[in-house]
Structures are given as structure tokens and as C-alpha cells.
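Please look over the chain below. The report goes from the overall fold to single residues.

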Amino acid sequence: SVNPWWPYTMSDDYGYMYRLIVELLLDEKIIDEYEQPFGFRQVSWTNNTLSINGKRTYLKGINKHEDSDLRGKGLDLVLIARDFANQKWLGSNAFRTSHYPYAEEYLEMADTQGIMVIGESPGVGLQKNNFLPATWKQHMQSIREMIARDKNHPSIIAWSLANEPVSGDDNAEQFFRKLFQESRKLDDSSRAYTFVSSEPLSQERAIQFSDWMNLNHYCGWYDGLGEKELITSHVESFLSSYREKYQKPVILQEYGAGTIDGFHKLPTVPFGEDYQAQVIQLTGKALDKLKQSFLIGEFVWNYADFETMFGVDRVDGNKKGIFTRARQPKMAAWQLRERYINMDN
């Protein structure tokens, strides 16, 4: 019998891994050895639900970046351990490798810790002038390399082929039709194929090819800044409109608000810790209703503050993290922790 791989929120015997050991012999002596960990699990879904090994689950997710205050984008094993400890403290069971494949050490930890992963290719922000044969060829090569490297990780339950392309462009439909067709040939397991969209529903041309609808929408930030009283109703109507047209399961893949650590003000205002926590709370009210029908997950943006190019709209980087860049919780982290843990209870 096979011992399946489970997320930690679904079984006490989570993260079970097997080992394949290949030995090279010369004169009956081992001269080289390669070890490949792997696991068994099944991903399945309907128009309304997501299941692991036949048991229904819900993605309580975070988006991340390979970035920290001292190391920058360098590999830091202690930081990886801290990130997974923080994620379990939150009660979160999933993350997306936004917006590129992460170091293999992240996926190895996800395997053993029972964290589900949406693996994303580095196809971020494709513009109208990118829908060309040369770009498609390079994009497809990136996807091939990602799947070839990471396909043996049971923690990966879906492949995201792009993030926030201008998928309303006339040339986007053929570009993504072919991208999905060729990508599906690379991994015939039960994983989903998707991408992350921020295009208006009336313009979206590529989401028809996606197994799940991963949608980015910042109610209370980019849409209706400061209008807290509208957040819940706007989130519900936005996600429902996509569902009504395409009849596929939905994930709110990005939502949130920027905040400066330690800044508080009443009445609450954008960039205050209290405001960020309210955005999560009010968005959650809509999500609680929708997950009773077609919503299969939610991913806050972002797990931690991260460095960006400086500009008038950035205060020393992107401050949408619910943790600081040094991995300390803001007020919103406590809010999200209460939400995620209560789901299990």
C-alpha cells in the first residue's frame, strides 16, 4: 500500500516522502549515487471544490518573494526555516512562488512540512509588444525548465504560467492557447494549469484556457482607496462576475494594502496598520460567503515587505507585507492568523 502525501492541515501524518536512490556501480563498487525524494498524492477539482487525495480542502494562502532585509535575494536557509515557521503560525497551508520558480530548498521544505504550492513561471507582466513568436519561444522554454526541475515535488499542486499579462490584447488569445496546449504535454499528472489575471472581465481573452481562475483585485487599495464600506460588496461582485461567465473554480490570488510598520491613526487611513487589518477583515467577509459555493482559495499579498525600485508610490519598497521585511508580524498578521486558524476550528 502507498502512504500518500498530505498537507499538514489535512492529516497528522503530513509530508510523507519516499526516496528513490540510483547507484552507479563499477566492479561491484558504488562510485556515484543520486537520491530523488518524491511523494504520492492526487489533485482533483470540480467547478466548485478542490480536493487532495479525494478529500476537500481550501487554500489558505500567502504570496511571497525571495527577499529579506539583510540577504536581499540571496539564498538563506535560516530565512527559509523562519518563513515556514511563520506560515504555520498563521495557519496558512499554501503559497505561490510569485513570480518565478524559487530555490529548490523552498520546495523541499514545502514537501516535508506539508505546504501546498502553486509553482509560477517567470512570465510576469507580459505587455502587448510581448505577444510575439520569439517571446513565446522563450516563455515556453522557461516553463519546460520549471516543470522538468520541480515535477517530482508533491507539494506543487498547480502550475501558473504567467502573472498579470495584458491578456485582453487581441494577440493574447492565440499566445496563451498555444502556451497552455504545449505546457500540458510536459506534466500528465493531476496538477492544474492556470495563470494569474488582473484584466477586466470584459477584456479577458486567456482565462478560458485555465483550469482555475486566479484573480488579482485590490479592493480598498488600487480600487476604492479608503472606501472601507464598499470592500465586502465589491469583492463579492467582482469574483462572482467571473464565475458567472466561466463556471470555473475561483481563487482570489492577490488582495491587500500597504502599511508602514508602527503607523496607527483613527479614523483609519491607508498605510496605517489598522487599515491593512480592516482590508483583510472586510475582504474575508466576502470570501467566507463565496467559499460556500465556488471559491477554492485565497492568497494575501504579501507575506512580507520586499525591496522594489524606489518611486513616489513606494516607501522604501513594497509595504503590503503582513510581516516586516525582517519577518516580524504587523497587526494584519494577527488578523489573518485568527481568520485562518478559525477555518480549521
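## Overall fold

With 345 residues, a compact globule would have a radius of gyration near 20 Å, and the protein chain agrees because it has 20 Å. That radius is taken over C-alpha atoms, and the globule rule is 2.2 Å times the number of residues to the power 0.38. This is a predicted model: local features need pLDDT of at least 70, side-chain atom pairs count only at pLDDT 80 or more, and totals for chains, interfaces and linings use all residues. Residues are numbered from 1 along each chain as its sequence is written, and side-chain values use heavy atoms, with hydrogens and water left out.

The C-alpha trace spans about 80 × 45 × 40 Å along its principal axes. The protein chain holds 7 helices and 13 strands. These are DSSP runs numbered from the N terminus: helices are H or I with at least four residues, strands are E with at least two.

Of the 345 residues, 52% count as buried. Buried means under 20% relative accessible area, exposed means over 50%, and partly exposed lies in between (1.4 Å probe, protein chains only). The protein chain exposes about 15,700 Å², and carbon and sulfur atoms supply 51% of this area. Accessible areas come from the Shrake-Rupley method with a 1.4 Å probe; for residues, only the protein chains shown count as cover.

Contact means heavy atoms within 4.5 Å. Among contacts with a separation of 6 or more, 69% join residues 24 or more positions apart.

The side chains include 39 positive and 47 negative ones, and the centres of the two sets lie 4 Å apart. Lys and Arg count as positive, Asp and Glu as negative; His and the chain ends are not counted. Each charge is placed at NZ of Lys, CZ of Arg, CG of Asp or CD of Glu.

## Nonpolar cores

In soluble globular proteins, nonpolar side chains tend to be buried together. A nonpolar core here is a set of buried Ala, Val, Leu, Ile, Met, Phe, Trp, Tyr and Cys residues joined through side-chain atoms within 4.5 Å. The largest such core has 72 residues, and Phe176, Leu239 and Ile322 have the most contacts inside it. Helix α6 (residues 273–290) gives the largest share of this core, 7 residues. A second, separate core has 17 residues, including Leu59, Trp212, Ile251 and Phe299.

Which residues does Phe176 touch, beyond those up to four places away in sequence? They are Leu126, Phe131, Ala162, Pro165, Ala206 and Phe209.

## Packing around single residues

Met17 sits in the segment before β1 (18–26). Its C-alpha atom is 8.6 Å from that of Pro154, 137 residues apart along the chain. Not counting residues up to four places away, Met17 touches Trp5, Pro37, Phe38, Gly39, Asp111, Thr112 and Pro154.

Ser155 lies in the loop between α3 (133–150) and β9 (156–163). Ser155 is buried, with a relative accessible area of 0%. Beyond residues up to four places away, Ser155 touches Trp5, Leu107, Ala110, Asp111, Ile115, Met116 and Val117.

Leaving aside neighbours within four places, Ala333 contacts Trp89, Leu90, Ile322 and Phe323. The C-alpha atoms of Ala333 and Tyr303, 30 residues apart along the chain, are separated by 8.6 Å.

Arg339 is also placed in helix α7. Is Arg339 buried or exposed? Arg339 is buried, with a relative accessible area of 12%. Not counting residues up to four places away, Arg339 touches Gly284, Leu287, Asp288 and Glu298.

## Backbone exceptions

Most residues other than glycine have a negative phi, and most peptide bonds are trans. The table lists exceptions.

| Site | Feature | Angle |
|---|---|---|
| Ser98 to His99 | cis peptide bond | omega near -10° |
| Trp301 and Asn302 | cis peptide bond | omega about 10° |
| Glu28 | positive phi, not a glycine | phi about 65° |
| Gln247 | positive phi, not a glycine | phi about 55° |

His99 is in the loop between β7 (94–96) and α2 (104–113). Asn302 is in the loop between β13 (295–300) and α7. Glu28 lies in the loop between β1 and β2 (29–38) and counts as exposed at 78% relative accessibility. Gln247 is in the loop between α5 (231–246) and β12 (250–254); at 38% relative accessibility, Gln247 counts as partly exposed.
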